[in-house]
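Subject: Structure handover and findings

Dear colleague,

Please find the structure below, followed by an account of what was found in it.

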Amino acid sequence: MTGRPEGRLYGVGLGPGDPELITRKAARLIGSADVVAFHAGVGKTSNARTIAADLVPATAIEEELRYPVTTGTTAHPGGYAGAMAEFYEECASRLAAHLSAGRTVVVLAEGDPLFYGSFMYLHDRLSPRFETEVVPGVPAFAAATAVLASPLVRQTDVLTVLPGTLPVPELARRLADTDGAIIMKLGRRFPGVVDALRQAGRLEHALYVERASMPAERWMPVVDVDPASVPYFSLIVVPGDSRAAHPHGRRRSGSSARAVAVDAEPRTRLLVVGLGPGPDRWLTPEAAEALRTVDHVVGYAPYVDRVPQREGLTQHASGNTVEVDRARLALDLASAGERVAVVSGGDAGVFGMASAVFEAAAARAEEGLPDVPVEVLPGVSAVQAVAARAGAPIGADFAVVSLSDRLKPWPVIERRLRAIAEADLVLAVYNPASRSRTTQVADLQKLFLEHRSPDTVVVVGRDVGRAEESLTVTTLAELEADTIDMKCLLIVGASSTAVTAAGRVWTPRFVEER
C-alpha cells in the first residue's frame with residue numbers, strides 16, 4: 001500500500017516590493033499552492049505576504065514564520081545564532097509535515113530567495129528530503145539602480161555586494177578594491193558604512209536608495225542622509241563609473257601595470273616596510289606612521305590587505321611570484337613624485353621585498369632611469385616571533401635558510417644545510433613546504449640526522465601571532481615532516497639547545513671548543 005506522494009517545495013522570489021515585478025512563474029505557483037509560507041519580523045506584518053496579497057488563493061493554508069528575534073537581545077542560551085538555528089529547525093519541521101502529506105508548499109521570499117534570503121536556511125534543511133525548486137526574483141539592488149537610472153558596472157568592471165555589518169576597516173578595504181558596489185543591511189550600521197565609504201574615497205559618489213519600487217521609494221546622495229532615518233529596506237549604490245573620478249584613477253591594480261609618468265629627477269623616496277608576522281600589535285610605530293603618510297601601497301595581496309584603507313590611498317596588489325614587477329611599479333610611482341610604500345610580511349629584509357626593490361633599482365640604473373632613494377623600515381621577523389614564543393632558541397649563533405628552490409637550485413640549498421649541520425648552528429627554516437614541494441622537510445631531516453643527535457630539539461611554529469597559532473616542541477627524530485606546510489617556520493636546535501621543565505626552549509650563549 002502506498003500513501004499520497006510527497007509534496008514539492010518552492011522558494012519563490014517576489015522581487016523588491018512592486019507586485020508588478022513578480023514573475024509570471026512565481027505568480028502561477030503562488031496561485032496554485034496548497035500551502036503559502038512567509039516570514040515576518042518581531043511585531044511586524046510580513047512584507048512578503050503583503051507583496052503577494054492578490055495572488056494567495058483563499059483555499060491555501062498559510063504558515064506565518066515569525067522570527068524570535070531580529071536586532072534585539074535574546075535570552076536563548078545559544079545567543080542570537082542559537083535562537084535562529086532553533087527557529088529554522090522549527091520552521092522546517094512545520095513545512096516538512098505539509099510536504100509529507102503531499103501538499104505543494106510555496107515559501108515567499110522578498111527579492112531573490114538565495115540572495116541574503118531566509119529561504120536558504122529552509123532549503124538547506126528540506127531540499128535533501130523533498131523535491132525542491134527555486135524561482136528567482138528581481139533583487140533589491142536591481143530595482144535600486146533602475147530608480148537611479150545610473151549604470152552600475154560596465155564592460156570589465158567588477159561589482160561587489162557587501163553587507164553593511166562588516167567591520168568598518170574591512171568594508172573600507174573592499175570598497176577600495178572594487179569598481180561598482182552595493183551595500184546592503186544598513187539600519188543602525190549606517191554611520192559606520194559612511195565612515196568606510198569616506199576611508200575608501202567613495203563617499204562623494206555613493207547614492208542611497210530606500211524602499212526601491214515601493215510607493216514610498218526615495219533616493220539621495222549618501223552625504224545628505226539622516227542616519228536616524230535609515231530603515232531596513234534601504235541600500236547604497238556605488239557606481240563603477242565613480243571610480244574613474246578619483247584623483248588616482250583605479251583604486252587597486254596589479255603590479256604589472258606601469259602606466260606611470262616618470263620624472264627626470266625623483267621627488268620622493270620609496271619606503272619598504274615590514275609589517276611583522278600578523279598581529280597589529282607587532283607592527284612597529286615607525287611602520288604604522290609611514291603607512292599613514294603614503295598615497296600608494298604596493299605588495300603581495302594578503303600583505304596589502306593588512307594596511308588599513310583610508311581616503312586617498314591607492315592599493316596595488318599582486319600575486320606571489322612577481323616581486324620584481326611590483327618593485328619596478330613602486331619605483332616608477334616614486335620617481336613620478338608619488339609617496340609609495342612597498343609592504344612585506346615580517347621583516348622586509350628577510351626573504352621579503354627589500355632585496356627585490358634593490359634588484360629592480362639596479363635594473364633601472366642600467367636602463368639609464370633616474371635613481372630613487374630607497375629606505376627600508378624594519379619589522380618583527382617570523383623567526384623572532386616563533387623564537388620568542390618558544391623561549392630563546394636563537395640566543396646564540398644561528399643560520400636562516402629558505403627551502404624554496406624557486407630562486408636557487410636544491411643542490412645549493414642542500415650544500416648550505418650540510419654546512420650548517422656540520423657547524424652545529426641553530427637553523428631557522430622559512431618556506432619549508434608548499435603544494436609543489438612536499439619532500440624537502442623530510443630531506444632536511446634525513447640530512448641533519450647524519451650530523452645531529454636524534455634528540456636534537458626542533459620547534460615548529462604555525463601561524464604564530466594569529467588566532468590559529470600553535471607551537472610544537474619535538475625532536476629531530478620525531479618531527480612529522482608531512483605535517484609541515486607554508487604556514488610553518490621551523491627552528492632546529494644546536495647540540496646544546498635544551499628544553500626546561502616548563503617546556504621552554506633555549507640555546508646557551510657559551511660554546512665549548514671542539
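Helices (H or I, at least four residues) and strands (E, at least two residues) are DSSP runs, numbered from the N terminus. The model is a predicted one, in which local features need pLDDT of at least 70 and side-chain atom pairs count only at pLDDT 80 or more, while totals for chains, interfaces and linings use all residues. Residues are numbered from 1 along each chain as its sequence is written, and side-chain values use heavy atoms, with hydrogens and water left out.

Loop residues with positive phi

Tyr116 lies in the loop between strand E4 (105-109) and helix H4 (119-126). Its phi is near 55°, a positive value in a residue other than glycine. Tyr116 has a relative accessible area of 35% and is therefore partly exposed; buried means under 20% relative accessible area, exposed means over 50%, and partly exposed is in between (1.4 Å probe, protein chains only).

Gln155 also has a positive phi without being glycine, here near 45°. This residue belongs to the loop between helix H5 (140-148) and strand E6 (159-163). With a relative accessible area of 85%, Gln155 is exposed.

Ser100 is part of helix H3 (residues 79-100) and is partly exposed, at 40% relative accessible area. Neighbours within four places in sequence aside, Ser100 is in contact with Glu6 and Phe130, where contact means heavy atoms within 4.5 Å.

Phe358 is found in helix H11 and counts as partly exposed, with 44% relative accessibility. Not counting residues up to four places away in sequence, Phe358 touches Val374 and Val376.

Helix H10

Helix H10 (residues 323-335) has 13 residues and reaches 18 Å from its first C-alpha to its last, close to the 18 Å expected at 1.5 Å a residue; the expected span is 1.5 Å times one less than the number of residues. H10 is mostly covered, with 11 of its 13 residues buried. Among the buried residues are Glu323, Arg326, Arg328 and Asp332, together with Leu329, Leu331 and Leu333. The buried residues pack against strands E12 (270-274), E13 (296-300), E14 (314-318), E15 (340-344) and E16 (374-377), and against helix H11 (353-366). Gly337, which follows H10, has a positive phi near 95°.

An open sheet of 5 strands runs in the order E18-E19-E22-E20-E21, with mixed pairing; two strands pair if DSSP finds at least two bridges between them. Strands E18 (398-402) and E21 (470-475) stand at the edges with a single partner strand each, so one side of each is left without a neighbour in the sheet. From one strand to the next, the twist averages 20°. Strand E20 (residues 457-462) pairs with E21 in the antiparallel sense over 6 bridges, and Gly461 has Leu471 in E21 as its bridge partner.

Helix H12 (residues 382-390) packs on this sheet, touching E19 (426-430), E20, E21 and E22 (488-492), and its direction makes about 65° with that of E22. H13 packs on the sheet as well, touching E18 and E19, and its direction makes about 160° with that of E18. Axes are lines fitted to C-alpha atoms, for helices over the stretch in contact, and angles run from 0 to 180 degrees between N-to-C directions.

The axes of helix H13 (residues 410-422) and helix H14 (residues 440-449) come within 10 Å and cross at roughly 35°. Residues of H13 including Trp410, Leu417 and Ile420 meet residues of H14 including Leu444, Leu447 and Phe448.

The three-stranded sheet

A further open sheet has 3 strands in the order E17-E24-E23, with mixed pairing. Its edge strands, E17 (391-392) and E23 (498-499), each pair on one side only. E23 and strand E24 (residues 505-506) pair in the antiparallel sense over 2 bridges, and the bridge partner of Ala498 in E24 is Trp506.

Yours sincerely
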